[in-house]
Amino acid sequence: MRRQGKYEDALSVIDEMKSIYNPHLHSRVLMKEYITDHCVEIIAASTFWLHHFGRNDEALRLCDQVVDTMLPEIEAIELVTKSTILTPICRTLAKQRQSGAAKKALELYRTHVSDPVALAGGGDESSDLIKEGLKCLEASAKTLKKEDGTIVNSIAHSYYSQILSELENLSAPV
């Protein structure tokens, strides 16, 4: 449905899926069988769709639900899955144009993706992962500027500039 642009229909299906899906019971089984938990990934993606449709409070509640109850079920070494889950969450938070949301996006990405990559030694696959996160955050930072280049929210823009700088330093060869 999402591929056909029927986001509202997709959101209805996701609501039904959320009523059945239990991350404590299902996530590890899905990860073992399919290498990723598509349920959490789709639920996380739906946060951005909710925001797009103006259902902002619902989007933020769902972000919190994913981060608090679903993300902890993904093992620490599953960095690609964590990045896939966090990308729409961070974008949804970034669209809030509030410094607290920007700080939360930074902390989430740092805690679950960039710090573990740095600790693991950051090989080629890890660098690609950081670059993908960098692209997401660059896109988010651009939303904080008007077309004429003026900054909409200087505090949030400052956080994103700091994130981008840190990610560039992490991905630079040593």
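This is a predicted model: local features need pLDDT of at least 70, side-chain atom pairs count only at pLDDT 80 or more; totals for chains, interfaces and linings use all residues.
Close-up 1. At the N-terminal end of α2 the cap is Asn22, which places a side-chain oxygen 2.9 Å from the backbone nitrogen of His24.

Close-up 2. Pro23, Ser27 and Met31 are the buried residues of α2; viewed down the helix axis they fall within an arc of 40°, so they line one face of the helix. An α-helix has 3.6 residues a turn, so residues three or four places apart point the same way. The cover over the buried residues of α2 includes α4 and α5, while Leu25, Val29, Lys32 and Glu33, on the other side of α2, are exposed.

**Close-up 3. The span and ends of α3.** Helix α3 runs through residues 38-52, and its 15 residues reach 21 Å from the first C-alpha to the last, close to the 21 Å expected at 1.5 Å a residue. Asp37 caps the N-terminal end of α3, with a side-chain oxygen 3.0 Å from the backbone nitrogen of Cys39, and α3 is followed by Gly54, whose phi is positive, near 80°.

**Close-up 4. The buried residues of α3 and their cover.** Among the buried residues of α3 are Cys39, Val40, Ile43, Trp49 and Leu50, together with the charged residue Glu41. The elements covering the buried residues of α3 include α1 (7-20), α2 (23-34), α4 (56-70) and α5 (79-94).

Definitions and conventions: Residues are numbered from 1 along each chain as its sequence is written. Side-chain values use heavy atoms; hydrogens and water are left out. Helices (H or I, at least four residues) and strands (E, at least two) are DSSP runs, numbered from the N terminus. The expected span of a helix is 1.5 Å times one less than its number of residues. Buried means under 20% relative accessible area, exposed over 50%, partly exposed in between (1.4 Å probe, protein chains only). Contact means heavy atoms within 4.5 Å. A polar contact is a pair of N or O atoms within 3.5 Å; within protein, one must be able to donate a hydrogen and the other to accept it, and residues adjacent in sequence count only if both atoms are side-chain atoms. The arc is that of the directions from the helix axis to the C-beta atoms.
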